[in-house]
Amino acid sequence: MKPVLGTCYYPEHWPEHKWREDAKRMAELGLTLIRLGEFSWSTLEPEPGQYEWAWLDAAIDVLGAEGLQVVLGTPTATPPRWMLDRHLDMLAVDENGAVRKFGSRRQYCFSHTAYRQDAAAIAGLMAERYADSPYLHSWQIDNEYGCHDTVVSYSAVAQAEFRVWLQQKYGTISALNDAWGNVFWSMEYQHFEQIELPNLTVTEPNPSHVLDFRRFSSDQVVNFNQAQVNAIRQHSDKPLIHNYMGRITEFDHYKVGDDLDIASWDSYPLGFLVDRSGAEPDWQRRFERQGDPDFQALHHDLYRHVGRGRWWVMEQQPGPVNWAPFNPAPLPGMVRLWTLEAVAHHAEAVCYFRWRQAPFAQEQMHAGLLRPDSSESLSFKEVEQALADIQQLGDVQVSQAEVALVFDYESCWAWETQPQGQGFDAFAIVFEFYKALRRLGLNVDVVRPDMESFDDYKLVLVPGLFCLTESLNAKLASHKGLNMLGPRTGSRDENFHISQPLPPAVEGLECVVDHVETFPPTSARPLSNGGNVHTWYECLQTSANVLETLQTGEPVLIGNGNTHYLGAWPDTEALNRIIQGLAEKAGLVIELMPEGVRKRDCLSHEFIFNYNAQAVSFRGEQIEAAGVRMFPK
Amino acid sequence: MKPVLGTCYYPEHWPEHKWREDAKRMAELGLTLIRLGEFSWSTLEPEPGQYEWAWLDAAIDVLGAEGLQVVLGTPTATPPRWMLDRHLDMLAVDENGAVRKFGSRRQYCFSHTAYRQDAAAIAGLMAERYADSPYLHSWQIDNEYGCHDTVVSYSAVAQAEFRVWLQQKYGTISALNDAWGNVFWSMEYQHFEQIELPNLTVTEPNPSHVLDFRRFSSDQVVNFNQAQVNAIRQHSDKPLIHNYMGRITEFDHYKVGDDLDIASWDSYPLGFLVDRSGAEPDWQRRFERQGDPDFQALHHDLYRHVGRGRWWVMEQQPGPVNWAPFNPAPLPGMVRLWTLEAVAHHAEAVCYFRWRQAPFAQEQMHAGLLRPDSSESLSFKEVEQALADIQQLGDVQVSQAEVALVFDYESCWAWETQPQGQGFDAFAIVFEFYKALRRLGLNVDVVRPDMESFDDYKLVLVPGLFCLTESLNAKLASHKGLNMLGPRTGSRDENFHISQPLPPAVEGLECVVDHVETFPPTSARPLSNGGNVHTWYECLQTSANVLETLQTGEPVLIGNGNTHYLGAWPDTEALNRIIQGLAEKAGLVIELMPEGVRKRDCLSHEFIFNYNAQAVSFRGEQIEAAGVRMFPK
Amino acid sequence: MKPVLGTCYYPEHWPEHKWREDAKRMAELGLTLIRLGEFSWSTLEPEPGQYEWAWLDAAIDVLGAEGLQVVLGTPTATPPRWMLDRHLDMLAVDENGAVRKFGSRRQYCFSHTAYRQDAAAIAGLMAERYADSPYLHSWQIDNEYGCHDTVVSYSAVAQAEFRVWLQQKYGTISALNDAWGNVFWSMEYQHFEQIELPNLTVTEPNPSHVLDFRRFSSDQVVNFNQAQVNAIRQHSDKPLIHNYMGRITEFDHYKVGDDLDIASWDSYPLGFLVDRSGAEPDWQRRFERQGDPDFQALHHDLYRHVGRGRWWVMEQQPGPVNWAPFNPAPLPGMVRLWTLEAVAHHAEAVCYFRWRQAPFAQEQMHAGLLRPDSSESLSFKEVEQALADIQQLGDVQVSQAEVALVFDYESCWAWETQPQGQGFDAFAIVFEFYKALRRLGLNVDVVRPDMESFDDYKLVLVPGLFCLTESLNAKLASHKGLNMLGPRTGSRDENFHISQPLPPAVEGLECVVDHVETFPPTSARPLSNGGNVHTWYECLQTSANVLETLQTGEPVLIGNGNTHYLGAWPDTEALNRIIQGLAEKAGLVIELMPEGVRKRDCLSHEFIFNYNAQAVSFRGEQIEAAGVRMFPK
């Protein structure tokens, strides 16, 4: 596959006379994909039912005339102000009960079915009009589902739909009372109409109640997306894409992805470092102009799976952004590095957000390839360099990874609902496992727990999984490679009850968790072999082989044959050792990477990336700050 | 008195066929008291007016058949969902105006008189049915009043009742305006219907207004409790109990206790250490699996007074809990230690919460004596040990303490309303005085300010008391023993005006506070004799003897004869010295206890408890971690 | 000019028989101005339309009989409870939508036009009654506009008035859409009635929308004030005053001041140090009983400008206050120092708040010159000393400052709306510039950006100015003295769009900001000449002379001839060097002041103030803690 580059463009923001010059410069630079339209509803339909397609027709034609292909976005993330007059109750409501007002974006509640229909309708009209455009490459549906905490809404329409969803799931109210354990604290319901959303309760609500509400909320995103999928597919067979946002875990991306052709995500390494990586202050300082060395790769590997092999970076940060608590500029070279890293993880396309910095409105401090006056910003030259690099690379062919790391959205919701100790977080623990694998120079697939087979993998890691289904338990038991589950994996059944037989009921391992302890990082407990466990510790009663213990003797890692269970959250030192041990036992070829240096191995090439702000010696060679090495095979 | 042990049991959570086996195991273990029923309203009355007593009859019979006695709880802390349909306005409202929704527990507003009647009615029906049961030991009314911040409610019904309460208190609106000083900032009212609850004001509301609202809120708990007391007493003469929760200070426990026969409290040493002890991080780390060495004892000594000598631990933590920010497991031995410590403070009974861990709903991560699959958890063996210890002890007879430490609920409300400097807290300062006394190996009585006489005490300490009534002032003046008041004691009259003559108007001490200073701990001021004062400092103008001064010469502790006044908040070093000096002057026999080691002296025995996680040398002997020494006299 | 002293007095708080004695003691002490009336509405008009003037007549007569002059306050900051019955919708609403309830003060929304009329009416009635009193000195309108965050209100009346304001400003909705850039995110409106207030949006609202709302909110204060100005001027020609509160920046004080005769402010150095100075903990500890050495002076120099030369301290802290997180007492000598410092900055009057400490209501812990029992508090003697000092001084004549420091309210609103990095704050950066100037012993004028001419100044500093108007740009270009703009100065046009040509478009400097970086203080970047830049950094592309660079070579300070631009926020070391360099280049006579020692140079005298808590050596002489030196010329 030969990757291509593109950009996000807003013809509606600029006078028409600039479009031709812009298109020319895009083409001259070597970009081929132009995303547009995704926030343009008020321009396309300034009054309800009064459509203005002419400007978009013209913009597409101008771009197409320069040989550019268009990714057309449905504008449903930004319903115009008049939509509110049609649907007074369409606004999302936050957990404190405050209506989320018009005046920015993503204000709609996913449970508003009439808005969902209106959204599908505009998508259908666009599809009808542009399906046959020779310049149309693909469709983007909506924009960044879940950004700004918009999946979970406590609106009246959400409550009504939730009751319907529960009725469909449980059939009778007594089935629901049983599943939730509502006999506890006299929480039993007599009919579905009594059930409210689980916010603003006196103390914590029933976790089963919360988890069902989170599942429902995720399903509403799937439904919303499907409505547009169906509307577009009536007219167009071009690929359907959504651009997911980094570390948004409030809905099930796998399920949304099942209805689409390509997955994409929006990669803002510097904003994410501050806002979402969870990094310690020292680490943030060290990588403040480069981003976390593993955060982007994790998402690349996740969305490759969500897209069943087909994935893009839809928005790539090209300079400082406007939205993080602090917004430094990328170190020179990083825009190129980020681009080539996506390529190394087999992205089909990388699009920069945005072509030209807008001098007005919310994102006026968000850099583009051009400055507001159309002069080139510093990143322009880096994109030229990335294009030259890609030209030189030729075809990039992906390798089958030998390690699978299971990541599960439901587990994120479950442990947010019941952390049991501050800091237990399903994404965070997966991210730490991922870092430990990457330190060994390994390719990783981030995969869903219900994937068909793990047979392609020599090592499967399943940390923090909420519910260990019979099916997954069986697949792992029959899997030839090594696996390690835990901590906390399989500790609940699907109703959010403690599993019985008691966890971890892993096939092939006799073991019971007597109880769990949580404690702050300052109370970390030392391991016999070095390092500590922190945050989470399970008191294991087991007859299996004990592979790691606390200094006080209690088992922490146990294993029989291929199967391992880890009963605590190890710190970096200990996790590195444990995962290295497993990798070696699994027969993987490892290469210890220097801190901040990362490798991606493809069938066609080997890539080395230096995320450090200074040169690093690797394999006896100096790699400059933000440097990239590409070795054809 | 010979103490007994028990447990909390929820037959409604388990299939009936398990009850007999459970009862058998309880009896075999040696437990004698079983609390049940306190959250079972939806099972007892699944539809309004349709009662299902059969299961409870059966459960009591099964327990009784094994020789167990039942403490029957009224289920009024958890009104079922249908109750909301009867009383749409019964929900409490938080200080931001948010209604506290159904879906957990304690959702009712104490001011809702119709709900209060319904609660009394179910209590009366239970009393009628079970008064004559041979297995009934006593009654628990409701559960943990005030837990989850539920005493103070800003609902419409609370506002209406508050106006009635004010009218009864003041008679005329001008009396209220005078008492509150409403001429200030033109806050004068013309009639009672204009008065709102003191939340959501632009800046702080009038402290007199707030304090009256806090008094009213406390009175509503007293009233709510009385309604059930009256309903039960019509049918039953068994003891009435409430289980207070640790460091809940929003209502007056003395007044609620006046209507009951036995006081009890729910002791969760590890959760409280993190959540409510106010301990510094180092201290928390040191005692994270043991709890604060004085926190439980303070409550024991308080509830002995609330119960006029009769008191229990109704819920004793047996393992990790689910509700603190971090939830470690008790160090081996601590469950036994906590049990025996209660015994040493003269508890009649200690009940473990709970018999078996529930695998569902909010408290699924709360340990029990049994694990969810009915196997024994680690604490089971410790309870066996505690029972053997108690067996060996025989009768435990309480001694009269020689020190009284005055603790007052109204002062808590007053200084929350007007801290004047961050960190001034009535409970916290009493707790620090308590620690200093316990360091000297002294028995302490925690007492109410209006207790009849202090004549039994050689030393009386009165820190941070809001209002020094004439009666208390006179009692202290005529008291033969030593006393020390302050800081801040008596600085306001009952209307929350600065007292005149100016504070501290302590009989026998000529002294005026010119002004008060508050400052952060980092600005602590050194004393001439060592240590510092922090947080609170009073500029004293006095002709009394000066016993402690700042290094800059200003008086801090003054005294004439038996009477002392302390004009600042000393740090641990200084407070230890000051209190040791007083104790010696009072002729008390003191024994300096090592840190984390505590003594309780009874007529019949002497007890030593080692809260440390390592062995400690005491009186030339080693006491192991979590060790207990019991010496019969 | 010969300054005078006064106090704030509340006859309505005290029995009438105390008034005469109070008046006598005030006069004996040497006070001449007594402010009264400003919170007395409920006493003046206890029922709507029923006026009680007699007590105020009597109080004024009693004071006047002792030779005292009265500053009469309109009571409009505290509308009585009955006002709410007339105007149910008059209450302000906070940004979360919560109504700000009656029960303290300042509860009214500035946009409520009927309340505005009622406020003007009571002011007019007072003016009519007292205009001819021989004892009337002047009028204070309302009290501390904006205190307790009361300028910006999200009420329904504010929304309605905002729409009117927008219609008047923009005429057509399409003009507004263009000015705000509403094409972005489909935020376009079709008519003004669709526009809501910019709170509770999903993510940040459009900054142009917010800034217009902030301008509107400020204008409502101006309008509210004007209504009373007009009502009073119909009857009285005595001076009109408002007492501004420290570091309140939510409305434009210059514009309110344009309608008044004298500016005054309320100076609480200790409360402000903790609450509003932004000082680091070490600095706070060092000056905890003295206040920040520059905070008061900055306000003095600002309000001298707001009052066009005529200004007072209306409320001077005389002891501990009640409202800061911590409330220490002033170091002995500081009350005198603060008084004389105001005099040195050319205050006409300094009034102490308050005469006697009130023993009731919200401010019962706020010190007065007298204690609640009418005995003298410690500050009484300091006021005697200050009066003696002033007597000795004779006439104090102000000098023309040689440095102007531009401070702009709109910039405060703009950068709150769009900080781009945590910590960017228009007041804070001006305050740091002010400190650097004062360290050089310079007199400073704090001035508005639209002042007529800068010709009187040898040095003009313009940091962080939102919008560089053509007029200001031209004035600076033609100005003979030196000037330095930046950082961030002129980076937006008045619509909150990035200026084009790109910033900084300073006449005479060829320079473009390619992009901006923000970073936390821990990521400060070192300068070649020492010190660092922090928080804010602009990547300058320039052909001008480079005067300061980062260690990595990038320009930070550039200049051509008289004109300089600073592209970052320097730390204290660097800012001191830069400003000292400019001052020297501008030919100013500088004298390096020791830390905590400050100078004020008048035509008639030179004043030296030692804010330190210990003696300091200056010019070879020891100045005691809290010491003042006054040298007549």
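Start at helices α6(A) and α8(A), which are roughly perpendicular to each other (angles of 65 to 115 degrees count as roughly perpendicular, under 35 as roughly parallel, over 145 as roughly antiparallel and the rest as oblique). This is a predicted model, in which local features need pLDDT of at least 70, side-chain atom pairs count only at pLDDT 80 or more, and totals for chains, interfaces and linings use all residues. Residues are numbered from 1 along each chain as its sequence is written, while chains are lettered from A and ligands numbered from 1 in the order in which they are written.

**Stop 1: two helices of chain A**

Select residues 156-170 for α6(A) and 207-233 for α8(A); their axes come within 10 Å and cross at roughly 105°. Axes here are lines fitted to C-alpha atoms, for helices over the stretch in contact, and angles run from 0 to 180 degrees between N-to-C directions. Helices (H or I, at least four residues) and strands (E, at least two) are DSSP runs, numbered from the N terminus.

Now show side chains. Glu161(A), Phe162(A), Trp165(A) and Leu166(A) of α6(A) touch Asp212(A), Phe213(A), Phe216(A), Asp219(A) and Gln220(A) of α8(A). Contact means that the C-beta atoms, placed from the backbone, lie within 7 Å. By class, this contact has 5 nonpolar, 1 polar and 3 charged residues (Ala, Val, Leu, Ile, Met, Phe, Trp, Tyr, Cys and Pro count as nonpolar, Asp, Glu, Lys and Arg as charged, and the others, Gly among them, as polar).

**Stop 2: domains of chain A**

Colour residues 159-208 as domain 1, 403-585 as domain 2 and 597-632 as domain 3; the bounds come from an automatic or database domain assignment. Taken over C-alpha atoms, the centres of domain 1 and domain 3 of chain A are 54 Å apart.

**Stop 3: where chain A meets chain B**

Select the two chains together: 41 residues of chain A are in contact with 49 residues of chain B. On the chain A side, α8 and β13 (511-519) are the elements that give two or more residues. β13(A) gives the most, with 6 residues. That side of chain A holds 17 nonpolar, 19 polar and 5 charged residues.

**Stop 4: the copies**

Copies are superposed by least squares on the C-alpha atoms of residues with pLDDT of at least 70 in both. Chain B is superposed on chain C by a rotation of 120° with 0.0 Å of shift along its axis (RMSD 0.0 Å). These two copies are thus related as by a three-fold rotation axis.

**Stop 5: a helix pair in chain B**

Move to α13(B), residues 334-344, and α14(B), residues 379-393, which pack at an angle of about 35° with their axes 8 Å apart. Among the residues that meet there are Val335(B), Leu340(B) and Val343(B) from α13(B), and Val383(B), Ala386(B) and Ile390(B) from α14(B). The contact divides into 6 nonpolar, 3 polar and 3 charged residues.

**Stop 6: backbone details in loops**

Select Gln500(A) and Pro501(A): the peptide bond between them is cis, with omega near 0°. Pro501(A) sits in the loop between β12 (482-485) and β13 of chain A.

In chain B, look at the peptide bond from Pro503(B) to Pro504(B), which is cis with omega near -10°. Pro504(B) lies in the loop between β12 (482-485) and β13 of chain B.

End at Leu200(B), which has a positive phi of about 60° although it is not a glycine. Leu200(B) is in the loop between α7 (173-180) and α8 of chain B.
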